[in-house]
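Open the model in your viewer and keep the sequence panel beside it. The tour below says what to select at each stop and what is there.

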Amino acid sequence: MAKDTHYNKHDVLLLEQQIKDLREEAKTKDEFIRITNHELRTPLDIIRGNLDMVLKGEAGEISASTREYLVDALFGADRLTGLVDDMLDIARITTGQMRFELTEINICELLETVEKEFSPIAKEKRLVLYKDCFKDVPLVYSDKSRLFQIFDNLIGNAFKFTPRGGSVTIRVVDDHANVPDTILVSVIDTGSGIKKEDISKLFKQFPDIEKRILPTEKGTGLGLNLVWHVLKALGGEIWAESDGFGKGTTFFFRLPIAGSERGKQLYNYHAVYLKSGSDARKE
Amino acid sequence: MAKLLLVEDDPLMVRMYQRKLINDGYDVEVAVNGEDGLVKIRSFSPDLVLLDIMMPKVNGLQVLERVKSDPTISKIPIIILTNLGGSQEDIERGLELGAVAYLVKSAYRPDEVVAKVKEVLAGYTKSKEVPDAASSSASKKVIEETSKKKK
């Protein structure tokens, strides 16, 4: 006997009401995040702005020791600002509020920009930055500014944990033989490495692992957690490998290839904002 | 001495920017909400307006809309100075409504805000026209600039 698939008027009204409620809820969450962002940022900007002005001599000469205290205060405020940014991004992404701008991207071209940006910092830290892009790597389907954010995070970390004379290599390969519809990116450093028992904690919020970094280095403790969430939402994944302390670390992440089944699945993801004109292949 | 109108509802923010702008030789007037802002744009006739967005009653975007639809004051360049998101949409909306620049407060130290003010005023007096703003490439530029500064 065929199943009755007719909805009666009552069911339709119920569904409409549920959709309305969910939209209201989403709007409320979005508003909450926007307002929280503003309320947290304002006092932070007041702190940073005033400290900055005093350090630049706007309130008159300051002694060298006063300067030291204030510089540390400013570092603290900057770090707190980074933390607020990361926390709000995580709140957005885990409640489905985050919007992405998806386009077809040539990863090797994007890496040229990344390389230009990090070369001066690499020079300053006496590190070498290598880029190794497999010939004819297919286009990926992703969010350009989020990709920049991911590379900033991973390369920034690699620089932090790699001593002078070391190197950081970014390698891109077409990995569809192993995992269909994806390319594989690795960020390999010759730095201080990670203990085996800590690797699983890396992507958690505020991971409780031993870190060997300078006190002035920025780090919110949320960077990798955010990267993990963003890559998941973008149809990818991230993991890390290390042979232990002093043996360097490699971060691997996958991205969906444009036009592939995996790439098309992104259309179905929560709160995806599609830039018009970029989805010419959309069926 | 150029005249600046600062439209900002947070008193500590006001004091911070006021200190910097006065130190740098500007004649500064303050409006603490949107309505006050509209009144003072007319009475003070500033050379440039620094406009916050999140304000009670009449918000910055509404102020912008009203200023740009009034030919007696529409030529005054307006820089949005806000902590609101900085998402593509926010920026596009602000630039579409006629702002010449969109600065996310957290990304600009006070002296960098002043540098922007100088840049806009220089462009304005040179051409006598409010510098061109509304375009999606302009908003992309703002996003790039903002995220570079955040690092």
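Predicted model: local features only at pLDDT ≥ 70, side-chain atom pairs only at ≥ 80, totals over all residues.

Helices (H or I, at least four residues) and strands (E, at least two) are runs assigned by DSSP and numbered from the N terminus.

**Stop 1: chain B as a whole**

Select chain B. Six helices and five strands make up its elements. The chain has 151 residues, and 50% of them count as buried. Its accessible surface is about 6,800 Å², with 51% belonging to carbon and sulfur atoms. Take the contacts in chain B between residues at least 6 apart in sequence: 67% of these join residues at least 24 apart.

**Stop 2: strand 4 of chain B**

Select residues 78–82 of chain B, which are strand 4. Are the residues of this strand buried or exposed? Five of the five are buried, so the strand is largely enclosed by the rest of the structure. One side carries B:Ile78, B:Ile80 and B:Thr82, the other B:Ile79 and B:Leu81, and both faces are covered.

Strands of a sheet pair through backbone hydrogen bonds, either parallel or antiparallel. To find one bridge, go to B:Leu51, whose partner in strand 4 is B:Ile80.

**Stop 3: the sheet of chain A**

Move to chain A. Here five strands form an open sheet with mixed pairing, in the order 2-4-5-7-6. Strand 2 (128–133) and strand 6 (237–242) of chain A are at the edges; each has a single partner strand, so one side of each lacks a neighbour in the sheet. From one strand to the next, the twist averages 15°.

Select strand 5 (residues 182–189) and strand 7 (residues 249–256) of chain A: they run antiparallel and are joined by eight bridges. A:Leu184 has A:Arg254 in strand 7 as its bridge partner.

Next show helix 3 (residues 107–124) of chain A, which packs on the sheet and makes about 175° with the direction of strand 2. Helix 4 (residues 144–161) of chain A also packs on the sheet, touching strand 2, strand 4, strand 5, strand 6 and strand 7.

**Stop 4: a surface patch**

Finally, select A:Tyr7, A:Val12 and A:Leu15, a nonpolar surface patch with about 310 Å² of accessible area together. A:Leu15 lies in helix 1 (residues 9–55) of chain A. At 43% relative accessibility, A:Leu15 counts as partly exposed.

Note on methods:
Residues numbered from 1 in each chain as written. Chains lettered and ligands numbered in written order. Heavy atoms only, no water. Patch = residues over 30% accessible without salt bridge, like charges linked within 9 Å, V, L, I, M, F, W, Y side chains within 5 Å. Areas by Shrake-Rupley, 256 points an atom, 1.4 Å probe, with all protein chains shown as cover. Salt bridge = Lys/Arg side-chain N within 4 Å of Asp/Glu carboxyl O. Buried < 20%, exposed > 50% of the residue type's maximum accessible area, 1.4 Å probe, protein only. Pairing = 2+ DSSP bridges. Axes fitted to C-alpha atoms, helices over the stretch in contact; angles between N-to-C directions. Contact = heavy atoms within 4.5 Å.
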